[in-house]
Every structure is written in structure tokens, then in C-alpha cells.
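These are my notebook entries on one chain, written while I went through its fold piece by piece. I begin with the terms and then turn to single residues, strands and the core.

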Amino acid sequence: MPQVLTATGLTTGHAPFVEEARHRGELYIRQAYELYSEENQEAWRRLYQRIRPRWERYANDHFLKGIEALDLPPDRIPRLSEINQKLQPLTGFQAKAVSGYVPGFLFFDCLQRREFPTTITIRPADRMDYLPEPDIFHDVAGHVPMHTEKAFADVLVRFGDCAHTAVRLTADLRDQAERTRRLTNIIKALSRFFWFTVEFGLMRGARGTCAYGSGLLSSYGELEHAIESDEVQRYPAQLEWLINQGAEIDHYQPVLFIVDSFDHLFEMVDRLERWMRDGKLNNVAPGLPEINESDLRSFMDAAGAV
Ligand SMILES: [Fe+2]
């Protein structure tokens, strides 16, 4: 009987509702709130209660204000409709439920429309500390509070602009091998920049160095490690470094980058787009992340539509 119960619900890796939608080719889905099991709700409660004191210590002030503005519930999984009612009047952003991985261009295109693709499943109770794929705790407790901040929201929209520029710059290249090579480099640069800022960024603040990256803000262990550990190299963010630094995903980040403010971050995304137009992103350093076929295809298929 316990096996039957754990197989139901919306548990990452064991959510028939989501898997069936994916098999039908449906990317956008409803949250299906009635399917969350008591075990799923308990996972949210434990994750939230455990990390809350670390947010107060290590999260940037904009994030803490965002938690309050959204009235993020500590004791149950939030309904995206409730979150959106509070979020949309602030920055126009909305969390939009998806069935799984959103290929690169589609993801950035959503950001440009102020929609954030949001995972609805939650990690299993025996994997509280580490999950390679996103879950609702990462997406809603880690990302969405930042979307209440206007300057940060504008940064995300600018990422969307960059993806559109990448498509326009490569759409007319006749030489398909060269088109693939350039796009692969540009997507790698965009992915690295997103990784070291939106996912794992640090910011200078009145209380010292704080986290604004969602990968840090949704990880009880790494949030403290990122700020306190002597092993972590922390450097002022420099665009040329971010786009050439390999992004390693399966362990705590050894190198992190600090921005001064979200205006600083916005200026860097702006410069990223200029560098792309100048051709500077056509030859970035090899290494992680690998750009998969579906990411590349999503940029190729968008030609003519942007
Ligand atoms: Fe994320």
C-alpha cells in the first residue's frame, strides 16, 4: 500500500499526470492541484521550514520582500493562480505550469513575454537535498520571488531579446554547418551567463554578499556554502569571464560571480547582446554545458517566426 501511495501524487519522476501530458506533446499544462499527495505537501513544509532561517541570513533583500509580497505559504504547496494574482500587478510576470524541460529558445521566448515556465512536481521525501532537475520548490520558492522586483524582471525580458537576436543573426546563413556552429557557441554563452547570474548569482548588499540566484536560494546546503565556504572562489562579475567559464551542474559551484546591483546585471545583458551582434559570441571557450539537439533545434525552428 505505501508503494501505491508514493506512486501517486505529483512527485518528481513519479507523476503520471505530467508524464502523460509530455507523451501527448503538451508543454503547457494545468497545475492539477488536487493530485498533490500528503507526502508532497509535507515535502514543501519541510523544505520551506528548513531553509527559512538561511534565507533571512543569506538571501538578498529583494528576495525577502518578494516572499512577503507573494505571501508564499510555508505550510502547503502554493497554487500558481494565487501567486500570479499577486505577481502580475507588480511586474507583469506570471508562473506558467509546464510538463517538463522547455527547449532553449522557447524558454527565453517565454521570458520575453513575462511568462516563467514552472515545474509543478515536487522532489521525493528521500531526496530533499539534491535533485538535478528543477521542481516546484526550486521554481516557485527559488525563482518566482525574484520576479516581483522590477529591475530583475527587466533583466529576464532582456534575456528573451537576446535569444531573438541570436535567431535573427543566424537565420540567413546558407552554410548549415557554420550556422550550427555559431548557434551552438551563442547558446553556450547565453546558457553560461544565465547559469552564473539568474541561477547562481551573488550580489553585494547592505548586509554583505547575498544570494539572488535561484539554484542557491532553493538549496539549503549550497546557500550557506556559497556565502561562507573558503573553498568557493567569488569574483566580481565580468562578462568575458562568465561566457567562457564552464558550468558544472552535479556538485556545489566552485566559482561564483558577484554583481553590484540589478542595474549592473541589466547593463551586462545589454552588452551581451551587443557582443552577439559584433560576432564575439561565435567562438566561446569549449566545455560545459553541452548544447543538446532540442535546444539547437528550437533556435533553428524559430527562424522566420521572430
Ligand atoms: Fe532554475
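I take helices (H or I, at least four residues) and strands (E, at least two) as DSSP runs, numbered from the N terminus. I keep in mind that this is a predicted model, in which local features need pLDDT of at least 70, side-chain atom pairs count only at pLDDT 80 or more, and totals for chains, interfaces and linings use all residues. Residues are numbered from 1 along each chain as its sequence is written.

**Entry: I120.** I looked up I120 and found it in the loop between β2 (115–119) and α7 (136–143). Is I120 buried or exposed? I120 counts as buried because it has 26 C-beta neighbours inside 10 Å; the cut-offs are 20 or more other C-beta atoms within 10 Å for buried, 12 or fewer for exposed, and partly exposed in between, with C-beta atoms placed from the backbone. Setting aside neighbours within four places in sequence, I listed L10, V18, Q31, A97 and I136 as its contacts, a contact being two residues whose C-beta atoms, placed from the backbone, lie within 7 Å. I also noted that the C-alpha atoms of I120 and P78, 42 residues apart along the chain, are separated by 10.0 Å.

**Entry: β1 and β2.** Four of the five residues of β2 are buried, so the strand is largely enclosed by the rest of the structure. Strand β1 (residues 94–98) pairs with β2 in the parallel sense over five bridges, where pairing requires that DSSP finds at least two bridges between two strands, and I saw K96 standing opposite P117 in β2. Between them the chain passes through helix α6 (residues 104–112), in a β-α-β crossover that is right-handed; that is, with the strands pointing away from the viewer, the path from the first strand over the helix to the second runs clockwise.

**Entry: the four-stranded sheet.** I traced an open sheet of four strands in the order β4-β3-β6-β5, with mixed pairing. Its edge strands are β4 (208–211) and β5 (233–236), each pairing on one side only. Strands β5 and β6 (residues 255–259) run parallel and are joined by four bridges, and P236 stands opposite I258 in β6. Helix α11 (residues 220–228) packs on this sheet, touching β3 (202–205), β4 and β6, and its direction makes about 155 degrees with that of β4; the axes are lines fitted to C-alpha atoms, for helices over the stretch in contact, with angles from 0 to 180 degrees between N-to-C directions.

**Entry: the core.** I found 82 residues in the largest nonpolar core, where F159 and A211 have the most contacts; such a core is a set of buried Ala, Val, Leu, Ile, Met, Phe, Trp, Tyr and Cys residues joined through C-beta atoms within 7 Å. Helix α9 (residues 176–199) gives the largest share of this core, ten residues. Leaving out neighbours within four places in sequence, F159 is in contact with F108, L111, F194 and V269.

**Entry: backbone exceptions.** Most residues other than glycine have a negative phi, and most peptide bonds are trans. I noted D71, not a glycine, with a positive phi of about 55 degrees, in the loop between α4 (61–70) and α5 (80–91). The peptide bond from L288 to P289 is cis, with omega near 0 degrees, and P289 lies in the loop between α13 (262–278) and α14 (293–301).
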